[in-house]
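Subject: Two-chain model, handover and findings

Hello,

Here is the structure for your files. My notes follow below it.

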Amino acid sequence: MYHKEKSLQIKNSASALYNNLGVLRIAPKQLTYFTVVHANVVNMVSASWDGLNYSHRQLQSKEPNVATSTSLIMQAAFCALPSRDLLVVTSQKGIQIYESDGSIMVYWHALETPETPTETAVFARGISAVWENYICVGVSSGAILVFDIPSKGSNITLSEVLEEHNESITDMAPECSGSQECIANLVTADDGGNLCLWKSGEEFQVLNKIPGFEYVMSCSSVKLWKGTVVAGYGSGQIRLYEAVTGILHAEVNAHARWIYSLDIAPFSGLLLSAAEDSLVRVWHLSMTPETNTVEVAHLHNECVTDTQICGAKFCDGDGYAFAVTGYDLSEIIRYVQP
Amino acid sequence: MSVRTLPLVFINLGGEMLYILDQRLRSLNTSEDNSEKGVWSDNDRSRVMNDIVGTLFNRAFMDELLKPQHLYSHRTMKTVLTRIAHASIMRLNAASMDRLYELMVMAFKYQVLLCPRPKDMLLITYNHMDAIREFVQDTPVIVNQVDETHRKIIEVYSSFTEGEFQLLRQTLLIFFQDMHVRVSLFLKNKTQNPNGRFALTTSGPVPHGSDVPGLIRLFDCKGREVRRHGFPVAGSYSSSIRPGSFGLQGPRVIRLGLNMYTMSDTEETHTSNTPSVKADESPNLLAKEELNLLARLMGSMRAEDRVEDEAGTFRVHLFYTDEEEDEEEAGASGGAEKPSFDLINIQATQDEHVTSELALIAGQFTEAEENSGNHSDNREDLLAMMDDL
């Protein structure tokens, strides 16, 4: 169904972090941007669609002169809003927001870090653009920061702090089907496997809370599509829930190790899952609203030999191509349908 | 990232160091006659192990490590581990320590990478501690130190969730990133590929708490299963095996962290650098925080002021290269140029001042050491043994 294409080389290897691959397709420029985190650096590659031009850029976490370990980056992700695209980088120090090509930093929010380390680590992780003009970022305490984004310029403000989760935020995602009918437009996940569904606005409303398993198991990656939450867990399982009711639609024993990344191609309903077990799997989701059921079909496997995968994303809305990163790998591997 | 990495890092790296030293010292034990030259007796080996374990598990040192703090650089780690190794009568030159450090780190990297569940890093740590207890089993005071540390580890880590363990593991993986030193034992076992990367299997038992992949279950809105079907897994997995014990004792079940050198020849501690091995950080100053940490860690270790004085101590060349007749050989650069593996030998050189130095060193020993034998006899025997090969 897919075959391997020429890999993109990156300047450093990828670190073992959840969802460690950002992809942004810029149709007008016929370019795709990729971001991969390595310790305290974000590696950006810009690849032209004709495969002829590549350019690289590196963004460093603030204060590059301190010992590497105190300025580690947890995640870098693109946020596509109606008015603009931005790149958000979260670290132990705080949150940086850049223009999507990484050229200018437009905003910096510092996390409150105590002088001496406390019992638990402090960091920001979990990034999502939310309809219509918000960017949400999670924090290790479980809090979620909501930033109000103007259509241009750097007058970004912290609009709200949401406190529903009690454990570190792992990932979050917007409703990606493009449908305005879905009530919930943000899902957030934490280290305890708990999920929260939100409706955005001047004041975000929590619509539903879906608890984790009986035994505590982290949800490392989450997606929201057509009112269905797709969640990947450390146990290797994928679960599909109806967002507003919490009804469990499907349960897939997908991987033998911790899932690190999920992605959905919204136009086709393809689902991508990748884990430490070296496997990337492609599935197809289909909803039947009349019976309120969801079908999950397995389509394809790719094994990245001797690699613990840490990022996997579709490169386009149909799922025609996808890209993969792995721990200690200095390349972005690409697969495409013939 | 995680602020709870240091205790696990030191115990596991220290454990690997002890496995390697034990194997190297045993390989020199070619005679039971203590008077033969160039031989380390069981007694000497035992003393080295006791000294190192006693220092590593020193209460003040462990308490310092157990405080929440960030993981620091390889350079700090190597400095402290060298200090720990030099708590014994052994002296390792810089090249030996570099190679030893690479071996230790690659072994621990392998263990952390292949760890089935993040929580199983504790089992790996306990495997090391169980083996360490055996090394010092004749010295109850030191066994107690290990037990006490074990209890503190259990106390600190028992409340961690899987997510917190995974964060700890991710922090360690960043620490190990881009290290691909080839280790001959790993290459022989096929755990490592010729390019220095570890082999990951897509078969075997799944971690405890996971299900074997291959099943899709669909439910209706009342929660009843309406359909189930399988999918091709591209691997061959089996159900998880029973979980190991997280207590002071008990079968740990997982084999990561066990002494892989005991079954193999003396040949098996070869390393070779691949060109892709990242050099240590730039020679610029350690960041201020690291220097503070180093000071605290050194201060809390048992007093040992013979480290800097190389003359008259027992030099041990763990890793022998062709040019090794010179002292302080720039082992790093030599190793990188050679495509073949470095041979490993322990040599010890005699020095005229060794008697007086030994007396001073002996004075540094703890009470436990003083109980373990008659020092003057051992000094003479050791002197006789420490001739040039």
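Is A:S91 buried or exposed? A:S91 is buried, at a relative accessible area of 0%. Please keep in mind that this is a predicted model. The residue belongs to strand β8 (residues 85–91) of chain A. Leaving aside residues up to four places away in sequence, its contacts are A:S61, A:L72, A:I73, A:M74, A:L111, A:F123 and A:A124.

The interface

In the contact between the chains, 61 residues of chain A meet 58 residues of chain B. Together the two chains bury about 4800 Å², of which 53% is on carbon and sulfur atoms. A:N253, A:D306 and A:Y327 supply 13% of the area that chain A buries against chain B, more than any other three residues.

Between chain A and chain B there are 26 residue pairs in polar contact, both residues being at pLDDT 80 or more. On the side of chain A that touches chain B, β22 (248–253), β25 (279–288) and β26 (293–303) each supply at least two residues. By type, the residues on that side of chain A are 29 nonpolar, 20 polar and 12 charged.

Salt bridges

Over all chains the structure has 25 salt bridges, and four salt bridges are counted between chain A and chain B. One is formed by B:R169 and A:E276, whose closest N and O atoms are 2.6 Å apart. B:R169 sits in helix α8 (residues 162–176) of chain B and A:E276 in the loop between β24 (270–275) and β25 of chain A, so this pair joins two chains. Both B:R169 and A:E276 are buried.

Within chain B, B:K78 and B:D98 form a salt bridge with an N to O distance of 2.8 Å. B:K78 is in helix α4 (residues 74–85) and B:D98 in helix α5 (residues 94–114), so the pair ties together parts that are 20 residues apart in sequence. Why does B:K78 count as buried? Its relative accessibility is 17%, and buried means under 20%.

B:D130 and B:R133 make another salt bridge, at 3.1 Å between the closest N and O atoms. These two are three residues apart in helix α6 (residues 121–135) of chain B, so about one helical turn separates them. B:D130 is partly exposed at 24% relative accessible area, whereas B:R133 is buried at 13%. Elsewhere, salt bridges with shared partners link A:R239, A:E251, B:R217, B:E225 and B:R228 into one network.

Backbone points to check

Most residues other than glycine have a negative phi, and most peptide bonds are trans. The following entries depart from that.

- The peptide bond between A:W131 and A:E132 is cis, with omega about 5°; A:E132 is in the loop between β11 (124–130) and β12 (134–139) of chain A.
- B:A234 has a positive phi, near 60°. B:A234 is in the loop between β5 (225–230) and β6 (236–238) of chain B and is partly exposed, at 45% relative accessible area.
- B:V253 has a positive phi too, near 70°. B:V253 is in the loop between β6 and β7 (271–272) of chain B and is partly exposed, at 24%.

Regards

Notes: Residues numbered from 1 in each chain as written. Chains lettered and ligands numbered in written order. Predicted model: local features only at pLDDT ≥ 70, side-chain atom pairs only at ≥ 80, totals over all residues. Heavy atoms only, no water. Contact = heavy atoms within 4.5 Å. Buried area = accessible area lost by both parts, 1.4 Å probe. Salt bridge = Lys/Arg side-chain N within 4 Å of Asp/Glu carboxyl O. Polar contact = N/O pair within 3.5 Å; in protein donor to acceptor, adjacent residues only side chain to side chain. Helix = DSSP H or I, 4+ residues; strand = E, 2+ residues; numbered from the N terminus. Nonpolar A, V, L, I, M, F, W, Y, C, P; charged D, E, K, R; others polar. Buried < 20%, exposed > 50% of the residue type's maximum accessible area, 1.4 Å probe, protein only.
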